[in-house]
Amino acid sequence: MENREPYQAQPSRIEIVDTTFRDGQQSPLLFDTEKYRFSLEEKKLLLAGLIELGVTHIEFFSPVVGKAEEHDVRELIAYAKTLTSKQLLLLAHCRCNFADIQKALEVGCNGLNLYLGISPLAQEFNAQKSLEESVALVSEVARRTRETHPGLYIRFSAEDAFRTHREDMFCLYDAVYPYVNTFGMPDTVGLAEPEDVEAVVSTLRQRYPEVGLECHFHNDRGLALANVNAAVRAGVNYVDASIWGLAERSGIPSVTGVLFNLSKRHPEIAAQYNLSQCYPLNVLMASILGTLVPYTEPISLTNRTHTAGVHQKAVLGEKRVYEAHGLHDFGVDKNQLLLGPLSGWNLIYYYLKEVENLAISKEQAKMLAQEFKARTHEIGRSKKPEELLLELASAHHIPRSQLPEEVPTARLENLD
Ligand code: HCA
């Protein structure tokens, strides 16, 4: 194949391929939140956030999924180009079908993420094509597309790669190798373990040295991020992710979780991405969906929140006891200690003295803590922990401090 621009491996560059606008919109969370699909305005905000973060590879639905989506993809591609002078790869997730490809190019995509499943299950129930038929179809589509569009970025993925016989995958990938820039290896149903991932990446890397490798891992077993780490160790070049990890079922890794993990082993990542935009991007999604940043998300305020008395006491003295990772560079610049049923006298003392400005001694705080502990069953939707504590402080006539008004009160969340 003469026309394909040879893949230039850049070991120091690992590209995030964001698929918020494709797999992300397949997330059940959009139904749970009665959002169903993002509006164009919301997509523009999210796109601007991603580009601000430094993401340059963005996957969209194939425009054939519907008129509204076609309109949005067109608008977003035009908008993306106004946001940065960086080279962007604006990818359509496309079936191996000339009409779909034609439409994707028409709306302005400059790359194709082609896919087809050839696992035994896909052959029987999904694509319903034999291996020979699939090889013939994909190689014909890839060959003709490459001939007519020599500079176009083309990725091909065998869907459900980890339930596909290795020899079948080789048969298909060997046939399309001359025409593509990148091969994917989707773990479509999230069954792979890190060892499986390392084996597949190493095998593909050896067999197809001239193309990039992309991973797309679903989180059905909660292993998606661990699998990304394994894939990166084994030499993958592109990592699929989405904001919050939104995708079919339990999703894929989040963009910010991937960047956070990559930065551990690849500190040079910090120079390629504007990491301080990570948390604002997660908060933007929260404001669009009207729900909190997921508590499992590494780049979240939840990951800087402490509730147990032992933890709160330690964090008041030295945060590093229960905070191993600095999130400041990722835009999380607060932490929180939540007064609640598990709090001990240390936080009670701190809260009443610093937030409520009461002239309380440590001995009084210890005594109040005992009473508080005895009445935590009262805490709930109708009585907040602070209310119960103030009730107790008032019953003991603990007076306000005589601080002049202009002295600022310390806030629990600003412990830096
Ligand atoms: C899908 C399946 C997919 C595709 C991934 C890819 C998967 O929703 O169409 O094209 O790389 O997980 O296999 O998300």
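R207 lies over the face of F170, 4.0 Å from the ring centre. A charge counts as sitting over a ring if NZ of Lys or CZ of Arg is within 6 Å of the ring centre and within 35 degrees of the ring normal. Keep in mind that this is a predicted model, where local features need pLDDT of at least 70, side-chain atom pairs count only at pLDDT 80 or more, and totals for chains, interfaces and linings use all residues. Residues are numbered from 1 along each chain as its sequence is written, and side-chain values use heavy atoms, with hydrogens and water left out.

**Charges and rings**
- K366 lies over the face of W345, at 4.7 Å from the ring centre.

**Aromatic pairs**
- The structure holds 12 aromatic pairs (Phe, Tyr and Trp rings, the last by its six-membered ring, with centres within 6.5 Å; planes under 30 degrees apart are stacked, over 60 edge-to-face, the rest tilted).
- F31 and Y36 have ring centres 5.2 Å apart and planes at 90°, so this pair is edge-to-face.
- Ring pairs also tie F156, Y173, Y177, F183 and Y208 into a cluster.

**Helix α15**
- A365, L368, A369 and F372 are the buried residues of α15 (buried is under 20% relative accessible area, exposed over 50%, partly exposed in between, with a 1.4 Å probe and protein chains only).
- They cover an arc of only 110° around the axis, which puts them on the same side of α15 (the arc is that of the directions from the helix axis to the C-beta atoms).
- Over on the other side of α15, you'll find E363, Q370 and A374 exposed.

How values were computed. Helix = DSSP H or I, 4+ residues; strand = E, 2+ residues; numbered from the N terminus.
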